[in-house]
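Please look over the notes below with the structure open. They go from the overall fold to the core, then to one residue.

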Amino acid sequence: KVYLPALAQLRPTMDWLDAALQGGQLTNSGFVMRLSSGPGGTSDTTNSWYHVSGGRLQFEPAWQPLENISAGVVVRDDRVDVVANQSRIGGIDLDPGVKAMVRKEPAGGSMVRIRGAASTDTATGLAFLRNSPLRSQTGDFMDNWTASGNLDADIVMALPIGADPDPQQVSVNVKSAGSNLFMPPSNNVCT
């Protein structure tokens, strides 16, 4: 965290990163700052880039953290772009190529947008749901459920940081293949 720039235009993003980044190593890094040299000069710009390995990111306190992150990060002024070669959340390996970006919002603050995909067995997917913020809506309703089969998921998230008034948006499209869901005590089975 100490190697990330502390610039006023990045303050909401940097505050979020300070809390969210919980481990990892930075390599292959660089930093460039261009300052205007007088009247009529170009605007100030900053750029940084680095590779993260073994990273851990608690992007939202209610969700399980992203772990084992291997990613390239590029910061251009108030824009952040990340492409992950490897990451894991809640026991689920995400497919390579997960993309995240941070952009300023017109109303203030910034928005973190994440797009990715994952494949896992249905039991691991069910365990992930049990340990997600959805539990506050379902309580212990799914605790005794068991599952088998496989899932493919496409994930799209938008998480506001800073002063942005927009609500969080999470979209997960799941395709099930050969899955069975056993729901005691009624002993119902969904296939």
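1. Contact here means heavy atoms within 4.5 Å. On that basis, 49% of the protein's contacts between residues at least 6 apart in sequence join residues at least 24 apart. Keep in mind that the model is predicted.

2. Overall make-up: three helices and ten strands. Along the sequence the pattern reads α-β-β-β-β-β-β-β-α-α-β-β-β.

3. The protein has 191 residues, and 36% of them are buried. Its accessible surface is about 11,100 Å². Carbon and sulfur atoms account for 54% of that surface.

4. The largest nonpolar core holds 29 residues. W16, L57, F59, L66, L94 and V112 have the most contacts inside it. Elements giving two or more residues include helix 1 (11-20), strand 2 (45-57), strand 7 and strand 8 (146-161). Strand 3 provides the largest share of this core, five residues.

5. L66 deserves a look. Beyond residues up to four places away in sequence, L66 touches G55, R56, L57, F59, S87, R88, I89 and L94. Another core, of five residues, lies apart from the largest one. Its members include L126, M142, A147 and M183.

6. Is A118 buried or exposed? A118 sits in strand 7 (residues 110-121). Its relative accessible area is 7%, so A118 counts as buried, the cut-off being under 20%. Leaving aside neighbours within four places in sequence, A118 contacts I92, D93, L94, D95, L151, D152 and A153. I89 is 29 residues from A118 in sequence, and their C-alpha atoms are 9.9 Å apart.

Technical notes. Residues numbered from 1 in each chain as written. Predicted model: local features only at pLDDT ≥ 70, side-chain atom pairs only at ≥ 80, totals over all residues. Heavy atoms only, no water. Helix = DSSP H or I, 4+ residues; strand = E, 2+ residues; numbered from the N terminus. Buried < 20%, exposed > 50% of the residue type's maximum accessible area, 1.4 Å probe, protein only. Core = buried A, V, L, I, M, F, W, Y, C linked by side-chain atoms within 4.5 Å. Areas by Shrake-Rupley, 256 points an atom, 1.4 Å probe, with all protein chains shown as cover.
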